[in-house]
Amino acid sequence: MSQKVAVLGTGKIGEALLSGMLRGGWPAADLLVTARRADRAEELRARYGVTPVTNAEAAKTADTLILTVKPQDMGALLDELAPHVPADRLVISGAAGITTASLEERLTAGVPVVRVMTNTPALVDEAMSVISAGSHATADHLAHAEEIFGSVGKTLRVPESQQDACTALSGSGPAYFFYLVEAMTDAGILLGLPRDKAHDLIVQSAIGAATMLRDSGEHPVKLRENVTSPAGTTISAIRELENHGVRAALIAALEAARDRSRELAAGTKD
């Protein structure tokens with residue numbers, strides 16, 4: 001933890017990571033931040049005691065650079081960084097769809113690059129961060145990335161060829177659950193419940209179901225079957241879900257998210 005780490009483009013995810021690192025024991029003096037606006041940089045300094053710098057200064061002084069900008073902003077950031085990043089820096093990219101090979105092409109030869117896809121539960125230390133090595137990244141580099149992102153949740157190493165699929169499942173995944181809760185809340189209102197009570201019922205059910213999935217070791221089919229009595233209420237609901245093609249729609253949605261991740265990697269904006 002004695003190495004300097006710079007978070008570049010410190011938005012919500014970058015700030016969540018910064019906060020988690022501080023709770024995990026990183027000294028504020030070893031953490032640098034960059035932000036697009038000067039007032040945002042000063043806000044981070046006041047809140048966390050970290051040091052705001054320019055992107056070029058971060059590249060020159062930090063041992064690890066964490067790029068948390070959006071995919072469409074990565075090209076401009078790399079143009080700014082490339083002349084200042086020596087070969088002994090570790091570059092960690094959190095941009096969806098941007099391959100380590102494309103980053104390596106824009107940086108000094110031999111710079112180790114690690115690709116990470118995290119998600120918004122980093123804001124509550126329950127992130128799922130998926131980590132892949134570029135061609136110059138070593139086991140030590142991966143372990144360092146795991147140490148950083150482990151401060152805000154769970155980490156998993158995968159081959160980079162699986163990153164687009166992981167983006168579809170876990171990177172975008174929280175939005176699917178929020179969407180489902182929104183729909184179920186509307187259903188609760190339709191069934192006569194006040195919105196706040198419907199919300200509380202659904203959220204606690206979601207927390208309980210997720211905890212059972214994580215801790216029981218049971219397959220989700222088994223857990224579902226345990227709730228599904230013959231000729232009961234649950235099977236009636238599941239029949240309607242199947243009749244409306246919900247399973248097929250989810251598969252199609254995740255395929256669309258994966259395809260969009262690939263489009264972002266290719267530089268497609270629209």
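**Exercise 1. State where Ala231 lies in this predicted model, and determine whether it is buried or exposed.**

Solution. 
Step 1. Ala231 belongs to the loop between helix 10 (220–227) and helix 11 (233–243).
Step 2. The relative accessible area of Ala231 is 79%. Exposed means over 50%, so Ala231 is exposed.
Step 3. The backbone deserves attention as well. Most residues other than glycine have a negative phi. Ala231 is not a glycine, yet its phi is positive, about 55°.

**Exercise 2. Carry out the analysis of place, phi and accessibility for Asp125.**

Solution. 
Step 1. Asp125 sits in the loop between strand 6 and strand 7.
Step 2. Although Asp125 is not a glycine, it has a positive phi of about 60°.
Step 3. Its relative accessible area is 30%.

**Exercise 3. Classify the packing of helix 1 and helix 2 from their crossing angle, and describe the contact.**

Solution. 
Step 1. The axes of helix 1 and helix 2 cross at roughly 20° and come within 12 Å.
Step 2. Angles under 35 degrees count as roughly parallel; therefore helix 1 is roughly parallel to helix 2.
Step 3. The crossing of these two helices is right-handed.
Step 4. On the side of helix 1, the contact involves Glu15, Leu18, Ser19 and Leu22, which meet Arg40, Leu44, Arg47 and Tyr48 of helix 2.
Step 5. Sorted by class, the contact of helix 1 with helix 2 comprises four nonpolar, one polar and three charged residues.

**Exercise 4. Classify the packing of helix 8 and helix 9 from their angle, and describe the contact.**

Solution. 
Step 1. Helix 8 (residues 173–190) packs against helix 9 (residues 195–216) at an angle of about 135°, and the axes are 9 Å apart.
Step 2. This angle makes helix 8 oblique to helix 9, because roughly antiparallel requires an angle over 145 degrees and roughly perpendicular one of 65 to 115.
Step 3. The crossing of helix 8 and helix 9 is right-handed.
Step 4. Helix 8 contributes Val181, Met184, Thr185, Asp186, Gly188 and Ile189 to the contact, and helix 9 contributes Arg195, Ala198, His199 and Ile202.
Step 5. These residues divide into five nonpolar, three polar and two charged.

**Exercise 5. Identify which residues of the largest nonpolar core touch the most other members, and examine the surroundings of Leu18.**

Solution. 
Step 1. In soluble globular proteins, nonpolar side chains tend to be buried together.
Step 2. The largest nonpolar core here has 26 residues, of which Leu18, Ile66, Ile92, Val114 and Ile148 touch the most other members.
Step 3. Among the elements that give two or more residues to this core are strand 1 (5–8), helix 1 (12–23), strand 5 (90–93) and helix 6 (139–149).
Step 4. Leaving aside neighbours within four places in sequence, Leu18 contacts Val7, Leu31, Val33, Leu44, Tyr48 and Val50.
Step 5. Apart from this core lies another, of 22 residues, including Leu67, Met74, Ile98 and Val113.

**Exercise 6. Decide whether His144 is buried or exposed, and list its contacts.**

Solution. 
Step 1. His144 is located in helix 6.
Step 2. With a relative accessible area of 14%, His144 is buried, because buried means under 20%.
Step 3. Neighbours within four places in sequence aside, His144 is in contact with Gln3, Val5, Thr64 and Leu90.
Step 4. For the protein as a whole, buried residues make up 37% of the 270 residues.

Note on methods: Residues are numbered from 1 along each chain as its sequence is written. This is a predicted model: local features need pLDDT of at least 70, side-chain atom pairs count only at pLDDT 80 or more; totals for chains, interfaces and linings use all residues. Side-chain values use heavy atoms; hydrogens and water are left out. Axes are lines fitted to C-alpha atoms, for helices over the stretch in contact, and angles run from 0 to 180 degrees between N-to-C directions. Helices (H or I, at least four residues) and strands (E, at least two) are DSSP runs, numbered from the N terminus. A crossing is left-handed if the near helix is turned anticlockwise from the far one by less than a right angle, and right-handed if clockwise. Contact means heavy atoms within 4.5 Å. Ala, Val, Leu, Ile, Met, Phe, Trp, Tyr, Cys and Pro count as nonpolar, Asp, Glu, Lys and Arg as charged, and the others, Gly among them, as polar. A nonpolar core is a set of buried Ala, Val, Leu, Ile, Met, Phe, Trp, Tyr and Cys residues joined through side-chain atoms within 4.5 Å. Buried means under 20% relative accessible area, exposed over 50%, partly exposed in between (1.4 Å probe, protein chains only).
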